[in-house]
Amino acid sequence: MKKLLPLLLLFFSVTILKAQQSPKINIKGIVVDTAKAVMPFTPVFLLQPADSSLVTFARSNENGEFEFKGVKRQNYLLKITYMSYLPHQELIKPNESNVIDAGTIQLKLLQKELYEVVVKTAKAPISIKGDTVEYDARKFKVPPGSSVEDLLRKLPGFQLDSEGNIKAQGETVNKVFVDGKRFFGDDPKLATKNLPAESINKVQVFNDKSEQSKLTGVEDGKREKAVNLELKEEFKKGGFGKLTAGVGTDQRVMGKGNYNKFDSKNQFSIIGFGNNINQTGLSGNDYEDFKGSQSYNWNNNADFGFSGGMVRFSYGSDEESESIGVPQSWGPGSGLSKNYAGGVNYNYDTKKTKFSSNYFYNQSTQNLSVFQNSQNFIPDNSFFLRDSSQSGNFTANHRLSLRFEKEIDSLNTLVLNFNGRLGDRSTDYNSMKNYLTPGESVFRTMKALNVNDATTGVIASSAIYRHKFMKKGRSFAASASYNLNNIDKDARQNSVIRDYPVAGWDYNIGGRNFDIFQNDLGLVNSNQIKSSLLFIEPLSKKFNIEGFYNFSNTRSLVDRDVYNLFSDGKPRIDSLSRYYENTINYNRLGTALRYNYKGLNIALGAAGQQFNLKGKFYNDQNKPLLGSVDRKYFALVPNSSINYALKNNRFLFVNYDVGVQEPRMKDMQPFQDNSNPLYITSGNPDLLPQTTHNAFAGFSMFNPVSFINIFANVNYTYSVNQIIYNQTIDQNLVTYIKPENISGGKRYGYYFQFGFPIKKTKISANVSSNSYFAQNLIYINSKLNENNTENYNVNFRLDLTPVDWFSLFINASHGIGKAQYSINTTQNQRFINQNLSANMVIQLPKLIFFTSDFNYMGYKNERFGFDQKIPILNMAVYKVLGKAKKSEVRVTLYDAFKKNQGISQGASSNLVSQTQTVTLSRYLMFTYTYNMRGISTKVKKNRWE
Amino acid sequence: MKKYFLIVLSLLFLNVTKSNAQEVFGTVDYDYTSDWVKIYNRATYLTKEEKEREAMTSRNWTPNAEKMKLFFDGTGSYYTYESQDAGSPGGYSWQKADYFITRDFTTNMLTEIHNVQGRTFTVVDSIRAPKWKVLNELKDIGGYMCMKATTYDDVKKQNVTAWFCADIPVSIGPEQYTGLPGLILEISVDDDAVLITAKRIDLKVKPEIPKLSAKKLKGKKSKMADFNNFITQHLKDSAYKHEFAWGLRY
């Protein structure tokens with residue numbers, strides 16, 4: 001400052017020395033109040049008249065005087081403001097002289113009512129535009145359901161009579177505008193009586209030209225008081241929708257559409273689709289449009305304490321994979337299917353109450369033709385199995401979902417959840433299996449024809465209550481859940497097995513008859529009641545302790561009646577029929593100590609958990625007891641984790657926990673299940689729960705500025721009392737399975753990823769590698785087989801985004817798998833999986849786009865002579881139409897090389913197989929889309945877009 | 001550089017006239033609230049459909065507030081996080097990046113420390129104010145009558161609204177905002193995408209203005225223009241890659 005002063009002095013002296021009409025002027029004046037008393041220390045500003053830009057500011061001295069020295073010679077807006085005074089504003093036009101005297105400026109008191117009521121009490125900003133005053137109406141509280149009329153009654157400066165006639169600032173208001181537009185008709189009361197108060201953002205009072213002058217364009221100088229109601233942005237009602245229809249070669253068709261309507265509290269949406277191109281569920285975007293604000297919900301977890309370790313509960317039967325909630329799909333389904341679905345969703349959201357409901361129906365008719373080749377290893381020998389099957393599956397599901405969340409007050413919250421599904425499923429299955437010797441001679445055939453009808457009823461529901469105490473950090477939560485799974489099945493099974501003598505091959509079924517022709521009626525009913533409690537107590541700013549308790553009671557009833565259809569009287573087959581009931585009671589009590597400070601989060605805890613498994617097994621309801629199970633297990637499980645959030649998006653984490661899982665009741669039934677005569681399973685009532693020790697450590701960093709990212713982790717799992725399915729294969733090639741416990745199975749691996757730009761924003765690369773090593777133990781014909789698996793994968797990605805109109809994403813991976821068997825080292829094998837994929841987008845002129853997806857997969861297994869190479873190419877050209885860019889026409893060519901054969905291969909302890917499923921192959925499709933919200937006209941620059 | 005309006009002169013006037021008045025000092029606690037839906041909706045590379053979908057699916061999310069603190073007296077000011085430790089009791093704790101904004105009115109210099117994803121900028125430069133427009137709107141914040149002023153941030157491409165109290169004659173505010181004829185008690189960036197509001201204003205106790213430690217001030221010093229160029233480039237790169245410009249203080 002001191003250095004500047006001489007400079008300024010010099011500057012001023014120079015200007016004074018200059019001629020009369022100096023380019024710099026001084027502006028001065030005196031500020032006084034209504035009583036003409038001087039106002040000291042009052043802020044005075046100079047603004048640009050054009051846009052109110054601040055030029056400079058000063059403050060009056062103790063005598064109320066102010067002076068701006070040496071400001072540019074031009075027009076200014078002089079502005080003076082002081083607490084509880086109306087801001088004064090006047091235009092200063094420089095005259096000949098170098099000192100402009102604004103004279104004595106008298107500040108007017110802000111209408112006391114306005115300042116006290118609007119600014120002070122309602123905390124609402126007011127805006128003064130000449131003689132117009134505007135309020136922020138949101139700050140004036142009126143009871144819910146009030147009309148604009150009720151709101152206006154509250155606003156200072158407004159007077160409303162009993163009929164609702166409006167006077168503003170003493171004058172009658174004849175016109176009410178809504179968002180600047182005339183509301184229906186001339187009666188201003190139409191708007192004020194009918195619009196809800198909560199829809200209003202701002203209320204503006206202004207002087208409008210008379211209708212006469214508007215019509216003629218001739219200014220008649222008459223002014224009428226008018227009110228404008230500005231609607232809240234979020235209250236503006238909206239609607240959007242999207243429709244897509246397509247036809248293609250091979251009679252391929254698809255159609256889908258959705259429509260949404262919403263306002264600030266309500267959302268209503270409807271969606272429907274139908275196709276024969278294997279799209280069975282909603283895409284991620286369609287799902288979000290359908291469920292809106294209720295797409296994702298937290299606070300739904302009713303199991304408090306350490307995650308996992310609860311009693312498992314399955315929904316639906318083993319064959320079906322239908323979700324409980326609205327089905328989503330990621331990629332096309334297998335086989336060939338016709339699909340229809342539709343649903344409605346309604347959400348109601350306010351700050352304190354959230355309600356969501358939806359109904360969804362879907363049905364699918366699927367045709368599956370599957371060819372499977374496998375090689376099965378038996379002690380000292382092997383055989384081939386060629387299986388060709390066709391099945392027709394029909395599924396239909398009705399889903400209902402309800403969710404209610406209420407913030408009772410700032411300390412109490414309640415969440416209620418209900419999900420239900422009612423499903424029908426029927427299957428028509430026929431297959432022909434050929435068993436071949438290593439010399440490829442057929443020695444056995446099996447022909448099967450099964451028809452299956454099942455209805456499924458599923459419920460998953462919960463209630464969660466959370467309470468926060470006045471003491472900061474102390475909280476309590478309680479939950480209760482009810483889950484139900486009911487399956488009613490009617491199956492008809494027919495299979496015929498024939499043996500053919502082959503010289504030198506003696507694995508025959510001999511004189512035994514394995515043929516089946518039976519009716520299987522099965523009912524499975526499981527229900528689960530659960531409850532959890534949680535209490536968190538802060539010990540200090542950095543430490544807190546939690547305690548939790550979980551309880552569950554799971555009851556299952558299985559009633560299976562099998563009838564022999566070979567005989568006329570259809571007698572019940574007692575050896576296959578079963579009736580059993582079982583109950584699993586589960587209790588867990590645990591605690592954890594947590595430390596959270598400066599990015600370091602440590603949790604140490606332990607829980608004691610107890611299972612009580614009880615089961616009773618009968619041939620039929622009224623038959624004598626066949627056997628029973630009554631076992632209790634107790635385990636103490638530790639749980640610990642360290643998460644360290646370092647600066648700059650770097651994280652370090654280490655976890656160790658122990659999981660204990662109870663044996664499945666199915667595995668504990670004390671008798672044989674010979675429903676498949678070639679594959680007989682028996683239960684083991686002495687099974688112990690399986691204990692798994694898991695350790696996990698990792699590091700991650702992500703730098704959004706340099707676009708460099710690193711992820712690395714290592715994991716280790718060790719099993720104690722692992723439940724494995726030991727096999728005994730007899731001379732007839734009948735396999736007997738028995739579950740037993742074994743310790744020593746383990747699995748460990750790593751993952752590493754490094755992503756970096758080669759040329760920032762234009763070319764980036766990503767290198768990753770992961771490997772895992774596993775040791776699985778199994779007894780085959782009472783001999784311990786140690787199966788060691790090694791798996792190595794490397795992956796390389798290149799993202800090329802050089803210009804706005806072009807992007808190319810390349811991915812290449814190479815994987816090597818090794819399997820080694822201790823009892824039969826000749827089975828040792830090595831697989832190679834290779835993949836190369838490329839995704840390209842090009843924007844051509846006139847909003848025409850070209851995209852292509854290429855995917856090459858190679859499978860190799862030298863020992864079995866597999867060498868499969870599958871290239872799949874999809875291409876599309878589309879054009880966005882119209883000024884508003886709301887329409888799109890698209891031509892898509894799927895699987896240009898006609899190579900999509902649904903191939904998969906696998907290897908397990910004593911089996912190598914390759915499966916091929918007839919599925920959607922090459923077709924050309926023409927689609928038209930209309931999107932009310934517009935079609936995207938950008939080229940993706942990110943692999944995941 | 002040109003986009004900023006140098007107000008050395010006006011500050012001089014302020015100081016000259018203010019010498020008549022008593023010294024102004026105090027501590028202000030601000031709540032810094034980010035509305036992620038609004039912030040995300042500004043992304044230029046998103047289509048209308050994507051923005052509306054995002055707004056619809058996350059309309060029930062409640063933004064959470066960060067606690068900030070401003071200390072000032074006649075000689076300078078200091079602004080940073082209220083505490084290094086964030087998070088509610090028992091909640092997950094994160095670490096804050098370095099962020100210190102200081103002003104020295106005696107030399108008209110600013111010293112700021114910004115940590116953007118591993119790069120620390122120690123900015124030392126003269127104080128420059130954005131070009132404010134003062135509007136005719138009044139509102140009350142914490143018992144103080146405030147006037148509205150607006151500006152456009154050409155670096156971050158944001159519309160900024162400030163509510164300043166002309167009766168607290170000190171030309172500072174939260175974050176980097178400065179240059180109004182009174183203390184800024186509220187800042188709204190892009191229609192409340194970020195809202196910084198004074199929650200507690202204490203003008204009675206003269207605070208000890210914290211000083212930046214020598215350790216923190218070690219290393220290369222940058223000019224404000226260097227830091228702004230870095231931000232401009234990062235915003236441009238992120239938009240090109242269709243990525244949100246993570247790592248920046250909005």
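In what order do the 3 strands of the open sheet in chain A run? The order is β4-β1-β7, and the pairing is mixed. Keep in mind as you look around that this is a predicted model.

Let's stay with that sheet for a moment. Its edges are formed by β4, spanning 65-72, and β7, spanning 99-106, both of chain A, and each of these pairs on one side only. Averaged over the sheet and with direction ignored, neighbouring strands are turned by 15 degrees against each other. You can follow one of the pairings in detail: β1 of chain A, residues 24-32, joins β4(A) in the antiparallel sense, over 6 bridges. To find your place there, look for Lys28(A), which has Glu67(A) of β4(A) standing opposite.

Now turn to where the two chains meet. Chain A brings 73 residues to the contact and chain B brings 60 residues. On the chain A side, strand β3, residues 54-59, supplies the largest share, with 5 residues. Sorted by class, that side of chain A holds 26 nonpolar, 25 polar and 22 charged residues.

Key
Residues are numbered from 1 along each chain as its sequence is written. Chains are lettered from A and ligands numbered from 1 in the order in which they are written. This is a predicted model: local features need pLDDT of at least 70, side-chain atom pairs count only at pLDDT 80 or more; totals for chains, interfaces and linings use all residues. Two strands pair if DSSP finds at least two bridges between them. Helices (H or I, at least four residues) and strands (E, at least two) are DSSP runs, numbered from the N terminus. Axes are lines fitted to C-alpha atoms, for helices over the stretch in contact, and angles run from 0 to 180 degrees between N-to-C directions. Two residues are in contact if their C-beta atoms, placed from the backbone, lie within 7 Å. Ala, Val, Leu, Ile, Met, Phe, Trp, Tyr, Cys and Pro count as nonpolar, Asp, Glu, Lys and Arg as charged, and the others, Gly among them, as polar.
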